[in-house]
Amino acid sequence: MSLQQGTVQGMPSVVAGMSLRRRRILIHATIFIALLVLWETGSRMGWLDPLFYPRPSAILTSFWVLFFGSGHIWYHLYVTLGLVLMGWIGGSLLGVGLGALVGFNPLVRRFLKPYVIVLEATPRIAVAPLLIAALGFGATSKIAIIVLVCFFAPFINTLSGVVNVDPSRMELFRSMRATKMQVLRKLVLPDAIPVIMAGERLAMTAALSGALVAEFIQRDKGIGSLILTYTRNLNMASAFACIFTLTIIGFLIFKGMELADHRIAYWKNEAGMKRIGDRRRRAMSEQGRG
Amino acid sequence: MRKPSSYQIEIALIRFVPHLLLFLALLALWEIAVLTGFITSIIIPRPSAIIGAIVELYVTKGTIYSHFFITLTEAVVGFAIGAIVAVTLAVWSSLSEGFKRYVSPYAIVLNVTPGIALTPIIIAWFGYGMGSKIALAAVICFFPIFVNTLTGLLHRDEDREELFRSVGATKYQIFLKLRVPAALPLLFAGFKIGLTTALIGAVVAEFAQATSGVGVLMSRFSFQLNMAASLATLLSMTVIGLLLFYAMEILDDRIVFWRRDTRMATVSRARARAWLAKSGE
Amino acid sequence: MNTLRASGADVNPDRMPDRQAPVVIKGQGVGKTFGNGAVVALEGASFEIRQGSFVSLVGPSGCGKSTLLRLIAGLIDRTSGNLTVHDKPVAGPHTDVGMMFQRATLLDWRTSMENVLLPTEVVRTPTKADKDRAAELLRLVGLKDFLFAFPSQLSGGMQQRVALARLLQTGADILLLDEPFGALDEFTRERLNIELMRIVAEVRATTLFVTHNIAEAIFLADQVFVMTPRPGRIVEIVDVPFERPRPLSIQTSPEFNALVAKVRDILGDDH
């Protein structure tokens, strides 16, 4: 947009946009608060049994106590997130490695296909009790469960990313007499990165779910066991406070993965292309001086 | 449907035999590894032991069937409820900008929260029976279906919409004749993910607290360290998963026929026959 | 304005488009701006199009040729001037015109027949007669063996033939074609151009044809609207004095080449 347009026509539209946005935020807030008030009154009027359906005010209080009063949640949060991170890294490495290996080898791919179909149809989280029985209680079996539930998405996505390389680009590389390694590093992997990243996002979500299920079964520590214990004791307000904590974590993970995606697959977004383009330009001009 | 010729059967056999051979070889290798003590049999049982457990569960005792059908029912009913709610909300959101704007924040919150975390709470609300399993299945399969349906319906094919407007179509006609059919492939992709997710919900809820279902059987065998029976049960979950997946695949194949070459050819022939029969009258 | 300089053996005044035929589309100073006047897509377009004539709109991208087509179809509203179709001012989509686009815009889940029947379905439940007409039109465009094929089973050229049949099914006597064969290869395009000429003559339709190919524009049309961009406007209306339908060989005649040179001259360096 030219400067002139910005000054002549831009101004009123910005103000109009602001007021529209403010109005929308206001409506959002009104709906949200109305829902909370409805819930709170419903509970106080005895329409909802507060024993099972805690009041928003009670959840808020529990939230405060868990984080800043007793600070009870921090330890469990640390345990769960540690497991998630380790399991996710393990699962990612395994998934991407296997995916690339299988994708590159048509024979292996052919013979592995039925097993992949079977694995895809199995609710993989169902192996949790089995793994705990085999590996015993403790962190090892929990991490094993997470690795198992989260390796699949990166595996499948890497596999399809590697297999679905544009044939004409492949021909281009062959015409330049590129080695297999060069084809992998300069064509196949960069081309597959956006798909792999999508797989990693799914893997992260799966890892969090896997950790929770492992903790439900082992019931020793972590957010999962905390939720279970609170629910058993009918301390529903605290249980809900834990759930909303998970919402926040889930949101942070989502945003974090999105950010990583934009950084790594920079050629898929305008800001990323500008950032890397500027950097390369600077590097070249410095080289020119040096 | 045409009957496959003997030639086609032969080809299928030739394709199938190497897979079978590999599978048997793997089983034999595994059996030997356990027998020679290379793998501890407590953690990983022999294939023959697993086969023995399968025979016991499915044939001699037949314990699996009641559990099998309970879990299958929970997953299917949960899926149906989740899908109905998801598709309704998605259709409504696609028709009304306002509705979409004020509903989407809640959908996002629901998406980033691991639905599995609700397991204990849902059991507290709906009890130890099938109700809580169905509820969890419905909750966690809602989002993938909602988001796929909405994405499909919101996709704007400007060229085709212009065509519809140029022949004087109403908004309602554009929705029904263009946007809905165009959204069907994504809708079915969502249904497939949703079914798998619903099964996970049912099984996890059974782990947490239940008296019947394959999840219960699975955790019972595991805690008895009866690994062979555990694996045999796991296999039954795979069977449920495959059943659900292929049932949806068949529906997908029938309804979204224009995405499959062979189905398309069949439909094309059927419509040609119908036309000929009518003009013959 | 007759632009023919050399004496043309092919010119036959008796078979020229009827100069006395009624005017079906009339524009007076038609203009269209987007974004509160920031972009002038079309400015001061004045023209008359007579019944049964074939008009090509030629020019580089951004010259407003597609805009003019959409204005006539009523898909977008003009910002200035008068525009009438059959002496009625254009206001919103109307059924006097039918459109065809560069993409075939067929519905993947419908057979050729069902795609052709779409314009009818929008108005009423198709009758046996409607269906027979659809089948007849598909035969007319050379697809009698593909009545029940789905779009993805057809080649690009065949898909455009279905789109043409669908356009004719509207029953509109004005056909608006927006680079209909632009995405096809040269050979298919040439063949389809010849068939298009035959078909519009057969159904006696008034046709507006958008293209950026000068030779194609001249080959098909009785009149060529030469258009230039920034702002989009009709700079000249060139008459083509050859009788229709024309053989392909006409493209090598000196008269034809003179016309091509003239239009290229008007368009300037962009072409």
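Q: In what order do the elements of chain B run from the N terminus on?

A: From the N terminus on, the elements of chain B run α-α-α-α-α-α-α-α-α-α-α. Helices (H or I, at least four residues) and strands (E, at least two) are DSSP runs, numbered from the N terminus. This is a predicted model, in which local features need pLDDT of at least 70 and side-chain atom pairs count only at pLDDT 80 or more, while totals for chains, interfaces and linings use all residues. Residues are numbered from 1 along each chain as its sequence is written, and chains are lettered from A and ligands numbered from 1 in the order in which they are written.

Q: What radius of gyration does chain B have, and what would a compact globule of 281 residues have?

A: The radius of gyration is taken over C-alpha atoms, and the globule rule is 2.2 Å times the number of residues to the power 0.38. For a compact globule of 281 residues the value would be near 19 Å, but chain B has 24 Å. The C-alpha trace of chain B spans about 75 × 60 × 35 Å along its principal axes.

Q: How is the packing of two helices read, as with H3(B) and H4(B)?

A: Two packed helices are described by the angle between their axes and the distance between the axes. Axes are lines fitted to C-alpha atoms, for helices over the stretch in contact, and angles run from 0 to 180 degrees between N-to-C directions. Helix H3 (residues 64-95) and helix H4 (residues 97-112) of chain B pack at about 130 degrees, with their axes 5 Å apart. That makes H3(B) oblique to H4(B), as angles under 35 degrees count as roughly parallel, over 145 as roughly antiparallel, 65 to 115 as roughly perpendicular and the rest as oblique.

Q: Which residues of H3(B) and H4(B) meet?

A: Residues are in contact if their C-beta atoms, placed from the backbone, lie within 7 Å. Leu89(B), Trp92(B) and Ser93(B) in H3(B) meet Phe99(B), Lys100(B) and Val103(B) in H4(B).

Q: How is a sheet read, and in what order do the six strands of chain C stand?

A: Two strands pair if DSSP finds at least two bridges between them. In chain C, six strands form an open sheet with mixed pairing, in the order E6-E7-E8-E3-E9-E10. Its edge strands, E6 (97-100) and E10 (233-239), each pair on one side only. Within the sheet, E3 (residues 54-58) and E9 (residues 223-228) of chain C pair in the parallel sense over four bridges, and Val58(C) stands opposite Val226(C) in E9(C).

Notes:
Contact = placed C-beta atoms within 7 Å.
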